[in-house]
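Here is a short report for someone meeting this structure for the first time. Take a look at the model, then read on.

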2 protein chains.
Amino acid sequence: MSILLALSCLALAGPAIAAFPDCTTGPLANNTVCDTSASPVARATALIGLFTLEEKINNTGNTSPGVPRLGLPAYQWWQEALHGVAESPGVIFAETGEYSYATSFPQPILMGAAFDDELINQVATIVSTEARAFNNANRSGLDFWTPNINPFKDPRWGRGQETPGEDPFHLQSYVYNLITGLQGGLDPEYKRIVATCKHYAGYDLENWEGNVRYGFDALISIQDLSEFYTRSFETCARDANVGAFMCSYNAVNGVPSCANSYLLQDILRGHWNWTSDDQWITSDCDAIQNIYEPHYYAPTRELTVADALNAGADLDCGTYYPENLGAAYDEGLFAESTLDRALIRQYASLVKLGYFDPAENQPYRQIGWANVSTPEAEELAYRAAVEGITLIKNDGTLPLSPSIKSLALIGPWANATTQMQGNYYGQPPYLISPLMAAEALNYTVYYSPGPGVDDPTTSSFPAAFAAAQAADAIIYIGGIDTTVEAEAMDRYTLDWPGVQPDFIDQLSQFGKPLVVLQMGGGQVDDSCLLPNTNVNALIWGGYPGQSGGTALMDIIVGNAAPAGRLPTTQYPLDYVYQVAMTDMSLRPSATNPGRTYMWYTGTPIVEFGFGLHYTNFSAELSQPSAPSYDIASLVGACEGVAHLDLCAFESYTVNVTNIGSKVTSDYVALLFVAGEHGPAPIPNKVLAAYDRLHTIAPLSSQQATLNLTLGSLSRVDEYGNRVLYPGEYTLILDVLPQATVSFTLTGEEAYLDYWPQPPA
Amino acid sequence: MSILLALSCLALAGPAIAAFPDCTTGPLANNTVCDTSASPVARATALIGLFTLEEKINNTGNTSPGVPRLGLPAYQWWQEALHGVAESPGVIFAETGEYSYATSFPQPILMGAAFDDELINQVATIVSTEARAFNNANRSGLDFWTPNINPFKDPRWGRGQETPGEDPFHLQSYVYNLITGLQGGLDPEYKRIVATCKHYAGYDLENWEGNVRYGFDALISIQDLSEFYTRSFETCARDANVGAFMCSYNAVNGVPSCANSYLLQDILRGHWNWTSDDQWITSDCDAIQNIYEPHYYAPTRELTVADALNAGADLDCGTYYPENLGAAYDEGLFAESTLDRALIRQYASLVKLGYFDPAENQPYRQIGWANVSTPEAEELAYRAAVEGITLIKNDGTLPLSPSIKSLALIGPWANATTQMQGNYYGQPPYLISPLMAAEALNYTVYYSPGPGVDDPTTSSFPAAFAAAQAADAIIYIGGIDTTVEAEAMDRYTLDWPGVQPDFIDQLSQFGKPLVVLQMGGGQVDDSCLLPNTNVNALIWGGYPGQSGGTALMDIIVGNAAPAGRLPTTQYPLDYVYQVAMTDMSLRPSATNPGRTYMWYTGTPIVEFGFGLHYTNFSAELSQPSAPSYDIASLVGACEGVAHLDLCAFESYTVNVTNIGSKVTSDYVALLFVAGEHGPAPIPNKVLAAYDRLHTIAPLSSQQATLNLTLGSLSRVDEYGNRVLYPGEYTLILDVLPQATVSFTLTGEEAYLDYWPQPPA
């Protein structure tokens, strides 16, 4: 006889499927939580005041059972929406029909390559609209654990694909536009959804040489912490007013992030003033357990949960809080008021989402299936892919000549479908593979998959060679995918995996036009392909989402023009032997060639920000208003500006002319700051502003405006303080520089931000 | 329009499905190949003489197209049968009914733990019988790429599970009995099947810290090569007359194994005289391509295939030979006679298998479905599991008291089915999980899987704790499986993966009998479980095959008595930080604490050869015939013995008494040699003989006979020579020594074997 025990709802990481609270006739109807005229914190406080201690503790995990006796329904806090509403414990797609799909945009790494903030805001608005539709159909909660906004520092990182790239300023600008899109502005009456900035902080290692994220202790200098690892999180908290944070698996300087009061209290809630009563912190899933094992930070399970709760981790994605907070309370390890505060934050957040309010007054409660996967959403998913796709090499073979009538479509991505979604994806309305797109363009297509991404065998070669032999031109679509870069899986090599290098080399000997598409989020070393004159063109395509095949083929044939820019550095193979993945330092040293385009001392295979077009552009940069500026005067003019780093410096105009005669194309204006100012070592250059101009017709011009702030010119000292230093400044327009202008700053250095120092 | 090109049969790694050659009416009927009175080599030579050069080259890959114009059918050389006829390109299981299954024995690592050579011979006989049945039904070829007989040197190795363990003598004895069982004796008129000893040589790394088997260069001293890495292969070639070898992916000392004439010619064919005209070498799959990339050993593809063919790799599992040998021949890089020799070897091998002979005279051609999965085979699969399962700890809780009526069956192996087969498995007749077996024993079973093997989450804890709470006793079945140790995947930690340590610790706090079953091929560090008095018993269960659940539960309840012995050392956690997996040295050094029980200088968690019983045994060892032996006399008495290391020294009798009064049990007699003789460093001890006694009744005795040879006493010098040294010798009976006897050898050292030296 076998008995499968019924699981308590506490234990199940299952879907929400819960009605809204009954504020009309239920036990809560006369409680302040149902009084729409009261403040969110007053309403949440009144609600929590009704809970017994046991009920409070029961509701500290992500699968919150609610309080049945009060008519407070269960709530699942764990929803995902990295690039569209995604499969997760709280999201339930229908098997068919309504709510069986949602728009699936490209992975963030490809959307980052678009360098188009407005695009990101539009995407986020659609994601939150579709999320509301799912919520209204009782198929989702209202808070989503997105974005992943850790900088993509190491090319081996398996989850770098989830981020917009390696540059902190880029991430700040991207995430600001993303969060205001997801939440519906900076301080709306009702939030569209609650977004969650993760993984705070210093998280960019999955599993490398036995170092596993759950127990990894990231040793980070205060300078790097302030200057690099937390910049995007500062924007989330201080500027974009994000509703939630997630503390990460790793420890930072010996203290697990979810028990790290320096991170959660001193920096986040203290320095960044992220103190609204509806802002809460969840742990990454089972990161509370990880404090006990494998961090071995606290000697008992009771101390573990008390450490995390007292440090400010309000919610446990997991079971350690509900299982162990009771015993910890009995041992006097935390105050009940601390538990109350955690719960009040979460329920105040639900108040701000209209959870306790009548549906009829809330516009977002009117959203339904008709608002999901609309033609506009579908077009945006396609456009986001087109905007990100980046042309790395082209000898004129692209766009393909109309004389080419047949294509050999070869490679492990040639018929990609879910592969194009990367990870953290939902059910899409469709997935148009490159093969489907090529057929739709009426080519005669000889399709042969060839070896798989990490396939070491040659058994597929003969069939693929026969396809290559039969066609007018060869399109090879390979690179990497989530079989080699993934959650819990970092890479060990930057080489094209498996037998792809041998295979592509043999394809290049057919004497036919050969276009290589390098897919995936992390870069691979293209140094064998770039000098091979038989490889006629090279495109990086990331994870392009539901319309990925169409976007790629439209660019190949010239129905669309590429203007994406690489959001990460493409390092040479030997980079992985020069620096350990566990080395968190950005600046070069004897055991580190430097990280990111800002600090790397070697020669990249392809530079951060690089991207070719089907036409040529000239770009002129306006001159500074003066050859020299007095620092005291600059700072003195900032009176009334809350944050000095955001105080305006100057605006520059970039006049961009499409000097080609044939192709209409977008152009991304990238402006870097370089020059001798501040403490050594000096970075190579630093991205300070960008803007994407759209559809510049042949022989016509458009203007971009690039706004610099005092922060754009600042550096960070060894204490993490942001400082404006006297010295030489050069602004460099674009990666292959179109223009440079120089000026000086004079006078005494000025502190724009004083960074909180760690406990002694 | 999409065209999926037809694949040439050359390209398909597909099944054989070919009739036997037509020797009656076809074009071959009058060729010597069909003359049963001619020698195999004469017959094969005549056949190859009919091939054109193109036909020869076409038939150099594993998927051999044959020669249609000659009536020579296609033949697939790639069959697997690691522990039963297994899924592979040449094996086709039916979907249902006849030939839809074959007996699935435990993984070799568990069969190794039985230390029962006769068992291995019986298993091998059944595997080859079932293989013949599949061949007669046109569902399999006649050669099988088994065994994997590399020693399991490093506990991290993902494929160690495929081997019998870490000790070279154990492997030699095991593989001799395996191969004579598979092939049907040492030199039968017809071979049952052809076995293939792999992976020659020095292969025991999959993918560790960026070192990948396809490009790894194993730096091995000549001493270690002779003494450790090639011992089992010497037995295959010199003693067991195996039909085929497989050269490995890795290089040895700079030369890829499949292009390594020192390995393939000097040692294998030269020194071991493995020169029958029907003995051939295949590459591991695409190891020929790997010579080009990622070994980068030869600068062109043509030189690559010529290097391998000239070094003696007869067959390419892959496409590089058929694709590139033509161009290599045009460049004059090999002689046609070399190609002929390779093909003659292979086809002479098929002649020895009766491939070209009338079926009616061949007993193996009469084998059919009635000979597959017979009751005897099923019983043997069960017995093989029982014999290997090893009891590591028991406070008397096992066998379970009859007063225990209900069991909580918890853990990621509790309902294991295919998991029990490890890797390289076929379709079994059934898979009896521990859960099914416990139910069959009429327990009330509370089943809850708990966290998965490498699962980092706690969401399954509450349900599992409820199961534990409900039952009289808790059986936890976890450890590792092929999700963490596998082909292409080595481990980084010896810890119990995921949250299992935390989970088991919490299970141990329920105050109930707790039995922990540690499954998987590699060992994990049990140091937290062994001193925990709340963990009452600990069993290692390997991958126990189709009847694994029954075998485990029968031992738990006392229907069977455990007598397995650990075939590998259980190292402590920090072992992986003390020596790199890439370090091939056996002897201790500043960067190596020593490898295997022979050389490890630390304290193992559990020793090689350890295993408890449900009763107690006393064992007496007979005395040496003399206190001292003259080396010259010993060697002088060996006249007529072909190999001095196999020349008899003495036989020892072990008198084993079951001194318990209740339980009938097997007992494995292990005899080690230790003592100061030969060059420093001196190994801790070396296994020299073993035997398993069966079903020793309470208070009764049995005798084992352990035969030592001169080789048992020899050491290997730095040149790889096997030498009998004067000095002190101690024989130690069992791991927890039951008896020791000592003697001396006097006189001058004597060379038993002169090892061929590598090219300068």
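**The interface**

This is a predicted model. The size of an interface is often given as the accessible area lost when the parts come together. Here the area buried between chain A and chain B is about 3800 Å². Carbon and sulfur atoms give 53% of that area. Chain A brings 44 residues to the contact, and chain B brings 45 residues.

What polar links cross between the chains? There are 15 residue pairs in polar contact between chain A and chain B, with both residues at pLDDT 80 or more. Several elements of chain A each supply at least two residues to the side that touches chain B, among them β1 (2-3), α9 (287-292), β14 (444-448) and α16 (500-507). Helix α15(A) gives the most to this side, with five residues. By class, the side of chain A that touches chain B holds 24 nonpolar, 11 polar and nine charged residues.

Four salt bridges cross the interface of chain A and chain B. One of them pairs A:R301 with B:D505, at 3.0 Å from N to O.

**Salt bridges within the chains**

Over all chains, the count comes to 58 salt bridges. The table gives three of them.

| Pair | N to O distance |
|---|---|
| A:E80 and A:K198 | 3.1 Å |
| A:D314 and A:R345 | 2.8 Å |
| B:R43 and B:D357 | 2.4 Å |

Start with A:E80 and A:K198, which form a salt bridge. A:E80 lies in the loop between β3 (75-76) and α3 (108-113) of chain A, and A:K198 lies in strand β4 (residues 196-200), so the pair ties together parts that are 118 residues apart in sequence. Both A:E80 and A:K198 are buried.

Next come A:D314 and A:R345, whose side chains meet in a salt bridge. A:D314 sits in the loop between α10 (301-311) and α11 of chain A, and A:R345 sits in helix α12 (residues 336-352), so this pair ties together parts that are 31 residues apart in sequence. A:D314 counts as buried because its relative accessibility is 3%. A:R345 counts as buried at 10%.

In chain B, B:R43 forms a salt bridge with B:D357. This pair links distant parts of the chain, 314 residues apart. B:R43 is in helix α1 (residues 40-48) of chain B, and B:D357 is in the loop between α12 (336-352) and α13 (375-388). B:R43 is buried, with a relative accessible area of 3%. B:D357 counts as buried at 8% relative accessibility.

Which residues of chain A are linked in a network of salt bridges? They are A:R159, A:E162, A:E206, A:R213 and A:E487.

Terms used
Residues numbered from 1 in each chain as written. Chains lettered and ligands numbered in written order. Predicted model: local features only at pLDDT ≥ 70, side-chain atom pairs only at ≥ 80, totals over all residues. Heavy atoms only, no water. Contact = heavy atoms within 4.5 Å. Buried area = accessible area lost by both parts, 1.4 Å probe. Polar contact = N/O pair within 3.5 Å; in protein donor to acceptor, adjacent residues only side chain to side chain. Helix = DSSP H or I, 4+ residues; strand = E, 2+ residues; numbered from the N terminus. Nonpolar A, V, L, I, M, F, W, Y, C, P; charged D, E, K, R; others polar. Buried < 20%, exposed > 50% of the residue type's maximum accessible area, 1.4 Å probe, protein only.
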